[in-house]
Amino acid sequence: VQLQASGGGLVQAGGSLRLSCAASGRALSKYGIGWFRQAPGKEREFVAAVTGSGRTTYYEDSVKGRFAITRENAENTVYLQINSMKPDDTAVYYCAANLDTIDWRARYRRSSNYDYWGQGTLVTVSS
């Protein structure tokens, strides 16, 4: 699976962005998708994930209510909607994929649990 993340940019605090993760190579519906972010000088952290069917979503507590992950399997694309943006949301955002298995669903927060990664898209939030 090849992943291409896009949609990043510069936005003012309080604004919104929608990130996209486009997949090619294999049917996306077989894969759980996670979004991670890495701020300057910090470790990569889990943000959100969605199961292959899209029926179940997972979020890091700090982004609940502001972030929404959705997927359109017919388009082989997963989206991350980010609302009420804060300067702390500034980071490179990565999408990642792994087969949607029981093991993945138990460890979706761990970056080591993903076999495929996109190149990242930079999000900068100004205060």
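Asn 76 counts as buried, at 18% relative accessibility; buried here means under 20% relative accessible area, exposed means over 50%, and partly exposed is in between, using a 1.4 Å probe and protein chains only. This is a predicted model, where local features need pLDDT of at least 70 and side-chain atom pairs count only at pLDDT 80 or more, while totals for chains, interfaces and linings use all residues. Residues are numbered from 1 along each chain as its sequence is written, and side-chain values use heavy atoms, with hydrogens and water left out.

Asn 76 sits in the loop between E7 and E8. Helices (H or I, at least four residues) and strands (E, at least two) are DSSP runs, numbered from the N terminus. The backbone of Asn 76 has a positive phi of about 55 degrees, although this residue is not a glycine. Its side chain reaches the backbone nitrogen of Leu 28 at 3.2 Å. That is a polar contact, a pair of N or O atoms within 3.5 Å; within protein, one must be able to donate a hydrogen and the other to accept it, and residues adjacent in sequence count only if both atoms are side-chain atoms. Setting aside neighbours within four places in sequence, Asn 76 is in contact (heavy atoms within 4.5 Å) with Cys 21, Ala 22, Ala 23, Arg 26, Ala 27 and Leu 28.

Thr 77 belongs to strand E8, residues 77-82, and is buried with a relative accessible area of 10%. A polar atom of the Thr 77 side chain lies 2.9 Å from the backbone oxygen of Glu 75. Outside the four places on either side in sequence, Thr 77 is in contact with Ser 20, Cys 21, Ala 22, Leu 28, Arg 71 and Glu 72. What is the C-alpha separation of Thr 77 and Gly 52, 25 residues apart along the chain? The two C-alpha atoms are separated by 11 Å.

## Another positive phi

Ser 84 is in the loop between E8 and E9. Ser 84 is not a glycine either, yet has a positive phi of about 45 degrees. With a relative accessible area of 43%, Ser 84 is partly exposed.

## The disulfide

How many disulfides does a search of the whole structure find? There is one, with a disulfide defined as a pair of cysteine sulfur atoms within 2.5 Å. It joins Cys 21 to Cys 95, S to S 2.2 Å. Cys 21 is in strand E3 and Cys 95 in strand E9, so the bond links distant parts of the chain, 74 residues apart. The torsion about the S-S bond of Cys 21 and Cys 95 is about 75 degrees, which means the disulfide is right-handed. Both Cys 21 and Cys 95 are buried.

## Two nonpolar cores

The largest nonpolar core has 30 residues, and those with the most contacts inside it are Trp 35, Phe 67, Ile 69, Val 78, Leu 80 and Tyr 93. A nonpolar core is a set of buried Ala, Val, Leu, Ile, Met, Phe, Trp, Tyr and Cys residues joined through side-chain atoms within 4.5 Å. Strands that each supply at least two residues of this core include E1 (2-6), E3 (17-24), E4 (31-38), E5 (45-50) and E7 (67-72), along with E8, E9 (91-99) and E11 (121-126).

A second, separate core has eight residues, among them Phe 46, Tyr 58, Tyr 108 and Tyr 114. Back to Ile 69: leaving out neighbours within four places in sequence, its contacts include Ile 33, Trp 35, Val 50, Tyr 59, Val 78 and Leu 80.

## Rings and charges

The structure holds eleven aromatic pairs. Rings of Phe, Tyr and Trp (its six-membered ring) pair if their centres lie within 6.5 Å; planes under 30 degrees apart count as stacked, over 60 as edge-to-face and the rest as tilted. Phe 36 and Tyr 114 form an edge-to-face pair, 5.2 Å centre to centre with 85 degrees between the planes. Phe 36 is in strand E4 and Tyr 114 in the loop between helix H1 (102-106) and strand E10 (116-117), 78 residues apart. Both Phe 36 and Tyr 114 are buried. Trp 104 and Tyr 114 are edge-to-face too, because their ring centres are 6.2 Å apart and their planes at 90 degrees. Ring pairs link Phe 36, Phe 46, Tyr 58, Tyr 94, Trp 104, Tyr 108, Tyr 114 and Trp 117 into a cluster.

Arg 44 lies over the face of Trp 117, at 4.7 Å from the ring centre. A charge sits over a ring if NZ of Lys or CZ of Arg is within 6 Å of the ring centre and within 35 degrees of the ring normal. Arg 18 lies over the face of Tyr 79, at 4.0 Å from the ring centre.
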